[in-house]
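Please look at the sequence and the three-dimensional model together while reading the paragraphs that follow. They move from one local feature to the next.

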Amino acid sequence: MNEGLRTASAAALADMATRGTLKAPPTLEAPQGPRSRIGGADVLVACSNDYLGLAADPRVIAATVDGVQRYGAGTASVRFICGTFTPHLELERDVANLVGTEASLTFVSCWDANAAAISTLADENTVVLSDALNHASIIDAVRVSRAGRKVVYPHVDLVALDEALSGLGQWGRRIVVTDGVFSMEGDVAPLPDLVELCRRHDAVLLVDDSHGVGVMGPDGRGTPSDQGVMGEIDVLTGTLGKALGGAAGGYVAAPAAVVELLSQVARPSLFSNALPVPTACGAREAVRILRTEPQRVARLHHLASRLRDGLRAAGLDPLPGATAIVPIIVGDTARAGLLSRKLRDEHGVIVTGFGYPVVPEGTARLRLQANAAMTDDDVTALIDAIVAVAA
Ligand SMILES: Cc1ncc(COP(=O)(O)O)c(C=O)c1O
């Protein structure tokens, strides 16, 4: 045992505890949903990504159970060595139909999907331009890619991006990467402008729509659908671990040739197991429910608007937006942690506080998220609890 490692780790944890930044994830004792159980108490969960309330939907559970009974636990291998189950192919077809691309390929996570897409499409002759507030999975995917140049442009700053693209000179490929919905702000990328900019500069546009799929657009088909540019994004990535069933998994959705190239050469596909087949079955059922019950999306937005309006009426200042993410900036990291603890201990409400380094210093926040399975009374209780602790 390396004692230095143990001592340094303990010291790092003690330092986090002193600064009030130590995280203490709650242990769930009942399925995820707007109502769950933690520490033997019933709680209202207002910070999960279970936007459509499908994580505990009996049909998603039944499809997952049926999947494990029919096919077992998984491929016990990577796909190219030992094969793919039919549900993987069916899910990939359904995801592509949902988001409006020719094809899609699944991975065990969207973290892997971003790594696969960016490192496959970027070589030494590629410039990648990435929004400053992109998700950590994009940041790391760009870092580990072999891209010859890596540019971070200011958040949704189209003028800066235009300038950066104009000044590039001769590069083999330019790739602009952005979240569709930004997870910490709850704002959206201006996709029609980005499409135009990318066309003008012969750049590839890659959009991670993890918080947009199932949420944005009248039928939940994602941020491109919401903004009228469905079918015009070169490469879409997204997760199956939020609105689309909440278990795990990610996808790259793109033209068939791009998807086939990824399945041939992307390292997270070649060297890592397939999405567990029961999870693929559950996610496929979640996509089916979304396609047949678009009223869930309308309900989600109704609740998110009620939440924003109710907080404003009570004198609070949630960030503006039209997504299901409603952040309230509270300042320093320790205060976000304190408010989060008070919400749980005094009101039975689970809302995580996000602080540095997840968000910039001084902009720690409570991130509230609506869930289509919440009742109107849940939203009222949530507003009352936030107002009580913020007073
Ligand atoms: C924008 C974005 N991309 C990717 C991911 C990673 O998704 P997964 O949990 O499927 O790896 C997340 C998850 O938080 C996300 O918010």
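Proline 357 is placed in the loop between β12 and β13, where helices (H or I, at least four residues) and strands (E, at least two) are DSSP runs, numbered from the N terminus. The peptide bond that leads from tyrosine 356 to this proline 357 is cis, with omega near 10°. The model is a predicted one, in which local features need pLDDT of at least 70 and side-chain atom pairs count only at pLDDT 80 or more, whereas totals for chains, interfaces and linings use all residues. Residues are numbered from 1 along each chain as its sequence is written, and side-chain values use heavy atoms, with hydrogens and water left out.

Strands of a sheet pair through backbone hydrogen bonds, either parallel or antiparallel. Between β10 and strand β13 (residues 364-369), which run antiparallel, there are six bridges, and isoleucine 329 has arginine 365 as its bridge partner in β13.

Charged side chains come next. Side chains of opposite charge can pair when their charged atoms come close. With a salt bridge defined as a side-chain nitrogen of Lys or Arg within 4 Å of a carboxyl oxygen of Asp or Glu, a search of the whole structure finds 22 salt bridges. One of them joins aspartate 57 to arginine 296, with the closest N and O atoms 3.5 Å apart. Because aspartate 57 lies in the loop between β2 (41-45) and α2, and arginine 296 in helix α13 (residues 295-313), this pair ties together parts that are 239 residues apart in sequence. Aspartate 57 counts as buried at 6% relative accessibility, given that buried means under 20% relative accessible area, exposed over 50%, and partly exposed in between (1.4 Å probe, protein chains only).

Arginine 59 forms a salt bridge with glutamate 293, and here the closest N and O atoms are 2.6 Å apart. This pair, too, links distant parts of the chain, since arginine 59 is in helix α2 and glutamate 293 in the loop between α12 (277-292) and α13, 234 residues apart. Arginine 59 is partly exposed at 30% relative accessibility, whereas glutamate 293 is buried, with a relative accessible area of 15%.

Within helix α12 there is a local pair, arginine 288 and glutamate 285, which lie three residues apart, about one turn of the helix. The closest N and O atoms of their salt bridge are 2.8 Å apart. Arginine 288 is partly exposed at 37% relative accessibility, while glutamate 285 is buried at 15%. Returning to the pairs that span the chain, salt bridges that share partners join Asp57, Arg59, Glu293 and Arg296 into one network.

Valine 156, although it is not a glycine, has a positive phi of about 45°; valine 156 lies in the loop between β5 (149-153) and α7 (158-166) and is partly exposed, with a relative accessible area of 31%. Aspartate 202, likewise not a glycine, has a positive phi of about 50°; aspartate 202 is found in the loop between α8 (191-200) and β7 (204-208) and is exposed, at a relative accessible area of 64%.

Leaving aside neighbours within four places in sequence, valine 387 is in contact with Ala314 and Leu316. The C-alpha atoms of valine 387 and leucine 316 are separated by 7.7 Å, although these residues are 71 residues apart along the chain. Valine 387 counts as partly exposed, at 29% relative accessibility.

Note on methods. Pairing = 2+ DSSP bridges. Contact = heavy atoms within 4.5 Å.
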